[in-house]
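The structure is shown first.

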Amino acid sequence: MTRFFIICSLFLGAFSGVNAASLQVNVQTKDGAAAENAVVSITPITPGLMLPEVENAATMTQKDTLFRPFVLPISVGTTVTFPNLDEFRHQVYSFSKPKRFELRLYGQDTTNSITFDKPGIVALGCNIHDNMLAFIYVSEAPLVGKTDANGTLLLEGLPAGEYGLTVWHPDEKKGKAVPVTVTLDDAAQASALMTVDLRSVRREQQPPADEGY
């Protein structure tokens with residue numbers, strides 16, 4: 001089960017007492033299968049909720065000729081580091097409208113960084129290794145996380161109130177999934193079920209066919 005660590009730990013501690021609530025979000029396909037790597041954005045509807053500042057740092061690693069993680073949810077304004085842990089060089093790029101960039105060839109144990117200041121979906125590639133593919137989802141919502149292999153995201157230490165939930169998945173068909181509204185009570189756990197309509201052919205990065213890079 002993926003726990004919600006995008007928001008700073010100060011926030012989780014501040015609401016981990018008697019009045020804290022938790023929310024379990026389950027995302028599934030139209031066939032009822034668990035939807036891994038679904039990004040859930042959570043926006044409070046109840047006015048005046050004490051929400052924290054958003055964590056403004058994240059990491060997209062290059063390891064074993066793959067991007068890790070495959071999907072990285074962040075909030076607007078987050079700076080993402082791109083460490084290369086492989087023994088050979090990578091050249092990371094994106095042509096996506098929210099953030100077009102290119103990190104020129106750099107080798108092992110070298111790190112570059114990019115700040116993502118506009119919301120949207122940023123698809124990543126490597127000019128040297130065509131198998132590498134990843135997505136950075138830049139959300140305007142104050143809370144954002146992604147589901148695990150069981151299609152589950154757990155958020156803990158939330159203030160009681162009403163929240164709106166939206167979901168995105170890299171393999172979803174055209175059109176957006178139906179948003180969900182959920183109400184959290186003090187010291188209780190609520191659950192929400194969301195459904196995504198996915199293509200039969202998935203966009204996934206694969207291990208390299210040839211290890212001799």
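In this predicted model, buried residues account for 48% of the 213 residues in the chain. The chain contains one helix and 18 strands, and among contacts between residues at least 6 apart in sequence, 70% join residues at least 24 apart.

One part of the strand arrangement is an open sheet of four strands, ordered S14-S3-S16-S17 and paired in the antiparallel sense. Strand S14 (143-146) and strand S17 (180-184) stand at the edges, and because each has a single partner strand, one side of each lacks a neighbour in the sheet. On average, and with direction ignored, neighbouring strands of this sheet are turned by 30° against each other.

Two antiparallel pairings, one of them between S3 and S16 and the other between S2 and S15, are set out below.

| Strand pair | Bridges | A bridged residue pair |
|---|---|---|
| S3 (residues 39-44) and S16 (residues 161-168) | six bridges | Ser41 and Thr166 |
| S2 (residues 21-29) and S15 (residues 152-158) | five bridges | Val25 and Leu153 |

Strands of a sheet pair through backbone hydrogen bonds, in either a parallel or an antiparallel sense.

Strand S15 is mostly covered, with six of its seven residues buried. Leu154, which belongs to S15, has a relative accessible area of 5% and is therefore buried, the cut-off being under 20%. Although Leu154 and Leu23 are 131 residues apart in sequence, their C-alpha atoms are 5.9 Å apart in space.

Which residues have the most contacts inside the largest nonpolar core? That core has 24 residues, and those with the most contacts inside it are Leu23, Val25, Val27, Val40, Tyr163 and Leu165. The elements that give two or more residues to this core are S2, S3, S15, S16, S17 and strand S18 (189-196). Apart from this core lies another, of 20 residues, which includes Phe67, Val80, Ile114 and Ala134. In soluble globular proteins, nonpolar side chains tend to be buried together.

How values were computed: Residues are numbered from 1 along each chain as its sequence is written. This is a predicted model: local features need pLDDT of at least 70, side-chain atom pairs count only at pLDDT 80 or more; totals for chains, interfaces and linings use all residues. Side-chain values use heavy atoms; hydrogens and water are left out. Buried means under 20% relative accessible area, exposed over 50%, partly exposed in between (1.4 Å probe, protein chains only). Two strands pair if DSSP finds at least two bridges between them. Axes are lines fitted to C-alpha atoms, for helices over the stretch in contact, and angles run from 0 to 180 degrees between N-to-C directions. Contact means heavy atoms within 4.5 Å. A nonpolar core is a set of buried Ala, Val, Leu, Ile, Met, Phe, Trp, Tyr and Cys residues joined through side-chain atoms within 4.5 Å.
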